[in-house]
Amino acid sequence: MREEVYMAGMGGQGVLLASQILAQAAMSAGLEVSWFPLYSPEVRGGWATCTVVVADGEVGSPVVGHPAAMILMDKIAVENHLGKIRPEGLAIVNSSLAGEEFDRDDVRIIAIPANDVATEVGSERTVNMVLLGAYVASAELVTLADIEQALREVIPERHHSFIPINVAALQRGAQYVTNHR
Amino acid sequence: MSERKLINGNEATAEGAIAAGCRYFFGYPITPQNKIPEYMSEHLPDVGGVYVQAESEVAAINMVYGAASTGAWAMTTSSSPGISLMQEGLSYMIGSELPCVVVNMVRGGPGLGNIGPAQSDYWLATRGAGHGDGRCLTFAPFSVQELYDLVGEAFTIAQRYRNPVMILADAILASMREPCRLHERRDPPPGQPEWAVGGPRDGRPRNIINSLYVDLAEEEQVNLRIARRYEEAAQQEIRFVEYGADEPQILICAYGIASRICQTAVQQAMQAGVSVRLIRPISLFPFPEEAIRQWAERVEKILVVELSLGQFIEDVRLAVEGRCPVELMGRTGGMVMTPEEVTDRIVDGRGRLNECLTPGPSAAGRGE
């Protein structure tokens, strides 16, 4: 088993945190994992990408040319990366910022208005968790319970008051996928 | 077994050093390795260690020189431009027969370059360490766990050969997080080695440490002694790992992060119908010449994959001694090849080994 998840968006949207939570959850589930970030120097407004590779044996390359799955958080991420996804692959796209028109018909695209869902949950800043929840519900890699546990491990204790709203966002993202199946 | 922690290569480097017994760190900030000094400044005081942010890389390596003279387990870390600045100090340490550990998280160059991943300091690491007839023992990990383990072992190796040890990693290994099993922190061995500076007040003869030998014949004897240690290291410290087919058509040589990329390319090429073997040197100096030479007798050709435009390939060619063609696939300046690109270079459209593996350097950048 080998799963590759490529996540991309604007700096500040939470690409690195969400992908690290996914990596932590996969490790806790007993799998091998690599988390490889690549981002521009700006704190906000630049770009951020991350590749998470999960395997039940050796991970091999942390660098992936054509990933099996992508989580794309804005229009630029879709323009730059959707073309590279493997045929038959899975893309979770934030339609609030990227629209709903895509030029790939050979991949499974789940468009979710993640900014709107996050705002309903109570904070637009949980947009990364909405999309991560949607990915977890669409792929059979880890469970939402694994992710919730990882959230507690990755987020520093002083920020643990934010965990409930993040969990709510994860669940809403997952529900969106289940409801639109 | 201990619990696994999801840590990045910088954290693994710092914790690996502390756990092995390193108690003195001197450094100067540079991306992509700033998490190492940050971690050291936070955690070294917990174990009674000393962290100093020097005023420059030149000062940092000379502080390491001073600490090492006393027998202390000392280290510094930096990235390419900073390692250039440390060359003089390293040469003095080799000449003074002093151990230390230096980690280079290589970034794109030459010059200030960028903070992307590169392997273009191969020559600097394996030939370098400034002027004179000495070198750094050099090791290249390919995962966060191996980085943690190797940094720890590097202190023992440095002591054994009384020579600086260079750990050659890159910007990906620095920032990449992977599960890592950590062991208990150990103290360095008690007391001072017999060669350390000291004198009658410590109840032993006076030791003077420097690298100045006005007597030419004496300098030659010192250099021969250092060379004998390298010969001994070539007997004891050669490390490499092989993957893939037992009867390969082609051998891939790659180290560090490039060998991780090739691990996946080997699987892809085998699925496409070409039998491939990958040899991954962990020790770069001493170099696993014999293992590569033996494969050179048995394969059609060798492909060298490196994040530089033909540095590591020189050691492969020296080992092969013309027994088979050796071709290069290199990316440079912070750019990385994907496993798919390596596979495409090896396998032609009909599932056979490509006739020509190297379209030339002008084609190297046609990936992205």
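This is a predicted model: local features need pLDDT of at least 70, side-chain atom pairs count only at pLDDT 80 or more; totals for chains, interfaces and linings use all residues.
Which residue of β3(A) stands opposite A:R2? Residues are numbered from 1 along each chain as written, and chains are lettered from A. Local features need pLDDT of at least 70, with side-chain atom pairs counted only at pLDDT 80 or more.

Start at strand β1 of chain A, residues 2-10. Strands here are DSSP runs of E with at least two residues, and helices are runs of H or I with at least four. Of the 9 residues in β1(A), 7 are buried, so the strand is largely enclosed by the rest of the structure; buried means under 20% relative accessible area, using a 1.4 Å probe and protein chains only.

β1(A) has an antiparallel partner in β3(A), residues 47-55, joined over 9 bridges (pairing requires at least two DSSP bridges). Here is the residue we were looking for: A:A55 stands opposite A:R2. β1(A) also runs parallel to β4(A), residues 69-72, through 4 bridges, and A:Y6 has A:M70 as its bridge partner there.

Now turn to two helices, α4(A) (residues 114-121) and α7(A) (residues 163-179), which pack at about 135° with axes 10 Å apart. A:V117, A:E120 and A:V121 of α4(A) make the contact with A:I165, A:A168, A:A169 and A:R172 of α7(A), where contact means heavy atoms within 4.5 Å. By class, this contact has 5 nonpolar, no polar and 2 charged residues, with Ala, Val and Ile among the nonpolar types and Glu and Arg among the charged.

How values were computed. Side-chain values use heavy atoms; hydrogens and water are left out. Axes are lines fitted to C-alpha atoms, for helices over the stretch in contact, and angles run from 0 to 180 degrees between N-to-C directions. Buried means under 20% relative accessible area, exposed over 50%, partly exposed in between (1.4 Å probe, protein chains only).
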